[in-house]
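Morning, everyone. I'll take the ligand site to start, then the strands. Here is the model.

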Amino acid sequence: MSEELVLLDVTEQVAVVTLNRPAQRNALNRPLLEALCARIEQLAPRRDVRAVVFTGAGDKSFCAGADLKERAGMSEEQTRSFLRLIRGTMDLVEGLPMPTFAAVDGFAFGGGCELMLACDFRVLTERATVGLTECALGIIPGAGGTQRLPRLVGLARAKELIFTARRLSGPDALAVGLCEYVTPAGEAVAKCRAIADEIKKCAPLAVEAAKSAIVGGYGIGIQEGLVLERRAYEVTLFTTDRVEALAAFREKRPAVFQGK
Ligand code: COA
């Protein structure tokens, strides 16, 4: 049952993780979050998966955020426990070693928008509507939104979007830097796959090391960040793939990487 709440398909080294409660607009209740965590933990060590795309079932919603009906029946302590779970889930998404995408072809509100923010890339469609709507509900973004949104769109813009609980269309989200691409309806996952195909041409361990340097270094001082970069570079120095890339260059042929 819980497996069905979050579907997983791995095709051509790209995992598509689908939130699957379309009748409830893929709202995040506890069982769905637990299933999502389990999926992420399954994917994290998989060397055959080069990218992960998060998306929502149905043609209306990526994710309508925390399940407000479940929330209404929670005690304060249960709400705190739920918040730990949803925060932890977003941290797991952010911690995935391979590149991650959110393919958003509908609503992404509250926790749904925070899931999108925890990914490396966001591809919205023309019919997407996204926003951190929490202040309109008497709460604040509690799964990383107040921290990840300013890092993406800038301080003042993030304040405006959060204080107003504004809902943005795909094109408006693109204009403020809240997503990287907007596609026609129904084409978000395909666009993510197209970017993943480009990434797949690069060496897996190099992409992983680059991600760890970029994510780890963002927001800390430049000198500390440069130390992280040096450490991340070290990982690539003695790989077979680095030697293969140099041989391929010499022999004027495409490199064949093995992730070693
Ligand atoms: N939690 C629980 N159930 C939700 C939900 C949420 N966040 N969002 C939608 N649903 C449920 C509705 O209650 C409804 O259930 P029902 O058929 O049993 O009554 C079903 O999903 C369809 O929702 P509906 O509002 O009829 O669909 P819609 O397509 O017209 O609108 C939304 C969808 C997402 C725009 C609207 O439901 C909405 O604004 N939801 C709240 C989003 C939000 O602010 N989330 C932040 C939470 S912190």
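First, what counts as a pocket: on a 1 Å grid over the protein atoms alone, it is an open set of points with protein on both sides within 12 Å along at least five of seven lines. A molecule sits in one if more than half of its atoms lie within 2 Å of its grid points. The space taken by our ligand is the second largest pocket.

Some ground rules. This is a predicted model, so local features need pLDDT of at least 70 and side-chain atom pairs pLDDT 80 or more, while totals for chains, interfaces and linings use all residues. Numbering runs from 1 along each chain as its sequence is written, and side-chain values use heavy atoms, with hydrogens and water left out.

Now the shell. It holds 16 residues, and the closest are Arg25, Ala64, Ala66, Leu68 and Lys69. By class, the shell has 8 nonpolar, 3 polar and 5 charged residues. Nonpolar means Ala, Val, Leu, Ile, Met, Phe, Trp, Tyr, Cys and Pro; charged means Asp, Glu, Lys and Arg; the others, Gly among them, are polar.

Polar contacts next (N or O pairs within 3.5 Å). A ligand nitrogen lies 3.0 Å from a backbone N or O atom of Ala66. A ligand nitrogen is also 2.9 Å from a polar backbone atom of Leu68. Thr133 places a polar side-chain atom 3.1 Å from a ligand oxygen. Alone, the ligand exposes 860 Å², and the protein buries 66% of that (Shrake-Rupley, 1.4 Å probe).

On to the strands. These are DSSP E runs of at least two residues, numbered from the N terminus; two of them pair if DSSP finds at least two bridges. An open, mixed sheet has 4 strands, ordered β4-β6-β8-β9. β4 (61-63) and β9 (168-169) stand at the edges with a single partner each, so one side of each lacks a neighbour in the sheet. β8 (residues 129-131) runs antiparallel to β9, joined by 2 bridges. Val130 stands opposite Leu168 there.

Terms used:
Near = heavy atom within 4 Å. Polar contact = N/O pair within 3.5 Å; in protein donor to acceptor, adjacent residues only side chain to side chain. 1 Å grid on protein atoms, 1.4 Å probe; cavity = no way out; pocket = protein on both sides within 12 Å on 5 of 7 lines; lining within 4 Å.
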